[in-house]
Structure formats: structure tokens, C-alpha cells
Amino acid sequence: MEYILHLLIIICIYTILSQSLSLVAGYSGQISLAHAGFYGIGAYTAALMAVNFGTPAILNMLIALLISGIVAYIVAKVAVKTVDDYYVVITLGIQVVIYSIMNNWQDVTNGPLGISGIPTISFWGVPLESKWAFLSVSVIISGFVWFILNNITKSPFGRVLRALSEDEIYTDSLGKNVGNAKVVSFVISGMLASLGGVLYAYYISYIDPTSFTLDESIFILSIVIIGGMRNLWCVCFATVFLVLLPEILRFVGMPSSIAANLRQIIYGIALIIVVSRKKTVHIEAK
Amino acid sequence: MQLVVSIAYFTLVYVVIAKSYQLTYMSSRFFQLSHAIVIAIGAYFVYWLSIQMSLNYYLSFVFSLFLSSIIGWSIDLLVYHPLRKNKRGSVYIMIASLGVFVILQNVISLLWGDRLLPLQSQLKGYIIILDSIYISYVQITTIVLCFLLLLILHWFSENTSMGKTIKMVSINPVTSEIVGINTENAIGWSYFLGSLFAAFTGILIASNYNIIPKMGFNWLFPAVVTMIIAGIGRIRYLVFGALLLAIVQQLSAYFLDSMWMNATAYIILIIFLYFRPFGFSGKKPKKTEV
């Protein structure tokens, strides 16, 4: 039972991550590889605040939202000047920089050793120690993220995003502020991703930079691409599928050292297959 | 003074990788990340042939170059060629290349493990100039060979018919198809050659440092930055870009710490993309359009 609860919590966290990436990569068509970076910013902010200052979880979440929002704003301001594959390269670079900050700024982040001893999450002085309680918190938060994203994508702003992903110049000629829409969607997506990071830090109670590498970004992106880019339900199903996939490998009896690599290989193959299929690709680059 | 040596070393390595990358980028017009794996796989093949199979070092060098260019070429043939035929946008081919990169990197770590592997080189020892500057033989050979590689590549693309064909396809694919050039063939050749040069530098790097599965990406990243800040154009822009990058990286390694080298490379990239989006040359890379 504990094991199933663990899997459900992980699925909740990845649903938050992949759905928030879906806003940028799917709806506005800007493929970003920096998502694990924002995930990491959320996790590190929550962990550092909780360990060093003992601040309550709600405050940590708000600060994580704020910090990742500021970083995402700066990044988006630069990245919005580029298109297509240059955009991917820029976000790839951001991922590398955020990772190297987490790995190298030893005074604050404790370098490759990571931060341990993060307290259990507590609301108004009531610690939630059982997994059931944590699961309900993560379900509430991921439901909240889903609700926000659902509203955004159904709003006029969501339609602007969809239009600009199909034809940027035409959308511009209709009087919509394309650059602004891109920046706003990127900032929202980065902020929501940091919520996933906060949950992860409180859940695992130990974080280190290896959880927020480029491979993680690729994993989240492959969830979104396999989920069909623009459908929150399908992205959720793809998350369930891809998170449970390595567990299946474990049941088959694969040693964990091989299974980790095999998992990545499967994601890679899935990426290539999905990209080469005609039906699944909604957006064509200009 | 030691700095000057390492700046020269890094500049030349970056230029050669960036040039080999540019060869494939210009002909197929997308950032193919699988190039990183070709850099690493060259070194791994040398390790496999010369140490595990105990073959002659130079013989295994040649074999490994050949094998890795075959791999680069077959990646293009098996993955990118069908995607191009289906008229996928460059972003999607890039995602596919990401997939190839992930697959092959994990295949490497399945086969050889994640730990550092030493590549026994024939060149040991170093010479001392002016009492204080240490230059290892490996560094000298790398610098000389990289310079030679650049000259060969330049000669190739200016004087041979295949080089000219690749250049034509890079400049204008549609017109070259009209004139009767087999574009796919030319792209395949550019991948073959690009992988050849990438693997060559990969082996040279590996004999100075050690080999790990991630080394390809670590070295490709500054080369991509070099290519972007250099822009499209003559090779001297690439040299400028690589020189700037190497100087800033070495200075940051000298004054801060060598851990921040990737971050500084990226900060240069941001500054350039913000103020000069098309690099030193200022020429806009033309997407394929009629």
C-alpha cells in the first residue's frame, strides 16, 4: 500500500510538471528544455527556507513561486527574441546554467552533496506525516494547477497562445501582443513547475542536483510530446504511463543499474517514434 | 603565460568542433544534438579497440574514425532523412535528435559504464618553455592536428567537387536541387565528414582528459555557443568567436573556479543573442524558402 501511495504522489508531482510544460511547449509552441531547472528552483527554495529558517510550507510555496517567476521572466525576455531551434538551444543553456549553479554554489546549495533533513510538510502547526495526508496535499495542489491551466487554456489568452503557435505573424497582425503572450505563458509555466519542486523537496526530504538535470528536462518534455502536446487529460495519462513504465521494468527483475539506462532509452525511442508519426504532431514550425 | 597555452588549446578545439558542427548544421538546417554523441563515441571506440582488444593505437585511431563517421552518417540516414522527407519542421527534427542523443548516451553507459575511463595515449610527458610554462605533448599534438584539420577542411570545401556540392546545398537547397544536385546525398556526406572531424577532436580531447559518457555534450555546448556567436560566414568569424569564448572561460576559471565554465559560456551566448542576434558576421541565417 505504501508503495502504491508513493507512486501516486510521484504521479501527482510529474502531472504538475508536465501540464505546466504543456502550456509552453504545447499551447504556445515554444519547446523549452529548461523545465527541470524551474522544478529545481522550487525544490531548492523550499528546502533552503525550511532548513535554514524553519518557515511554514505555505510561505515557502509563495516564495518559490516568486523566485521562479522572476527567473522565468528574465529568461523569457531573452528567449523571446529567438525562434524555433534557437529557442531550444537557449532553454537548454538555461538548464545547464541552473544546474551548474545548484551544483557549484557550495556556500548556499551545499553542492553535489545536496540538502538533507528537510522537515515534513506541516500546515498551521499540524505536521502531515502519513503518506495518505501527503497524497491528499499533492492531489489538491495538482488539482489546483490543473484548474488554473484549464482556465488559462480555455480563456481568450489561451486562444492567443494557440494562434501564435500556428502563425505568429498573422496573430501579430490581428493586434495581439505576441511577445507579451510568450513571456506570460513562460512565466506561468515556470511558476507552476516550482510548485512541483516544493512538493518533491518536502516529500523526499533530501534533494541534490542530480534530480534536476537535463535528462529530467528531456523526460518531462517527452511526457508532453507523447501526451500529444495540447491536451491536459492526455498529458496526465502519458504521465501515469511513463512514470509506471520503469516500475514494470523493476517487476520484470531488471537490475537497477541497467533499468535506469533502459528507461532513458525507451523515452528516447518514444520521442523519435512520436515525432515521426504524422497524426500526433499538431504544430509545424514555419 | 600558462593561460595563453590553454586559451590556444581551447580555441582550436572549439573551432574544429564548431566547424564540423556547422558543416552538418548548414546543410540540414537544424541543431542536431546527436553530434555530441559522435564526439564521445570516437573516444570510446579507441578505448575499446586499443585497450580492450589490444590493437595498435594508430590502427584503432583510424578504425574508430571510420566507425564513428559511419554512425553519424547512419543516424542521418535512418532518423533525419525520413523526417525531412515528411517535411517536419526543424524543431521536430531537433527533438528527434534529442531522442537519438539520449538513446546513444545510455547505450554507451550500458556498454562501458558511467565511470571515468583513462585513454592511454602514446604521448607522455611535457616540455618546459621559459622555466615556467608546461606544455604536454598531447596539447601540442592537439593544437597542431586541429590546425591541420582546419586547413584540410578548408581546402576540401573550396577545391573538391563534393565540398562545393555541400556548400551549394547549404546556401540554397532548392536551387541546387533544380540544378540537379542530389541534396540528400550531399547532406549524407556532410554528416559523414562532420562526424569524422568531431570524432577526431573527441579522441584528441580524450587523450588529454579522460572519457565519460557525458563528455560529448560538455564539449559540444561551447562549440554550439561558438557557432551561434560567430554567425554564418567565413571561418575567421568562428575563430573570433572561439577565441572570445576561450579567453572568457579561461579567465573565469582562473579568477573564479573551473566549475563555472559552462555558465560563463552561456552568459556570453545571452549577451550576444540580446545585442547581436546573428553573431559577429551579422548575416541572417536564411531558412529554406523559395
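**Note on a predicted two-chain model: packing and chain contact**

1. With 18 C-beta neighbours inside 10 Å, B:L243 counts as partly exposed (a residue is buried with 20 or more other C-beta atoms within 10 Å of its own, exposed with 12 or fewer, and partly exposed in between, the C-beta atoms being placed from the backbone). B:L243 lies in helix α10 (residues 235–255) of chain B; helices here are DSSP runs of H or I with at least four residues, numbered from the N terminus. Its C-alpha atom is 8.1 Å from that of B:F10, although B:L243 and B:F10 are 233 residues apart in sequence.

2. On the basis of this note: the model is predicted, local features need pLDDT of at least 70, side-chain atom pairs count only at pLDDT 80 or more, and totals for chains, interfaces and linings use all residues. Residues are numbered from 1 along each chain as its sequence is written, while chains are lettered from A and ligands numbered from 1 in the order in which they are written.

3. The contact between the chains draws on 31 residues of chain A and 35 residues of chain B, where two residues are in contact if their C-beta atoms, placed from the backbone, lie within 7 Å. On the side of chain B that touches chain A, two or more residues come from each of α3 (57–85), α4 (90–112), α9 (215–230) and α11 (261–275) of chain B. Of these, α4(B) gives the most, with 15 residues. By class, this side of chain B has 27 nonpolar, seven polar and one charged residues (nonpolar: Ala, Val, Leu, Ile, Met, Phe, Trp, Tyr, Cys and Pro; charged: Asp, Glu, Lys and Arg; polar: the others, Gly among them).

4. B:A96 touches residues of both chains: A:L271, A:I272, A:V275 and A:S276, together with B:V79, B:Y80 and B:L83, leaving aside residues up to four places away in sequence. B:A96 is also one of the residues that touch the most other members of the largest nonpolar core, which has 188 residues; such a core is a set of buried Ala, Val, Leu, Ile, Met, Phe, Trp, Tyr and Cys residues joined through C-beta atoms within 7 Å. The largest share of this core, 15 residues, is supplied by helix α8 (residues 183–208) of chain B.

5. Within chain B, helix α1 (residues 2–28) packs against α9(B) at an angle of about 70°, with the axes 8 Å apart. The two helices are therefore roughly perpendicular (65 to 115 degrees; under 35 is roughly parallel, over 145 roughly antiparallel and the rest oblique). Axes are lines fitted to C-alpha atoms over the stretch in contact, and angles run from 0 to 180 degrees between N-to-C directions. Among the residues in this contact are B:Y14 and B:I17 of α1(B) and B:V224 of α9(B). The contact has 11 nonpolar, two polar and no charged residues.

6. Within chain A, the axes of helix α2 (residues 35–53) and helix α9 (residues 178–204) come within 6 Å and cross at roughly 50°, so α2(A) and α9(A) are oblique to each other. The residues that meet include A:A46 and A:A47 in α2(A) and A:G196 and A:G197 in α9(A). This contact divides into 12 nonpolar, seven polar and no charged residues.

7. Also in chain A, helix α10 (residues 214–226) and helix α12 (residues 256–276) have axes that come within 10 Å and cross at roughly 40°, which makes α10(A) oblique to α12(A). Residues meeting here include A:D215 and A:F219 in α10(A) and A:Q264 and A:L271 in α12(A). By class, the contact has seven nonpolar, two polar and one charged residues.
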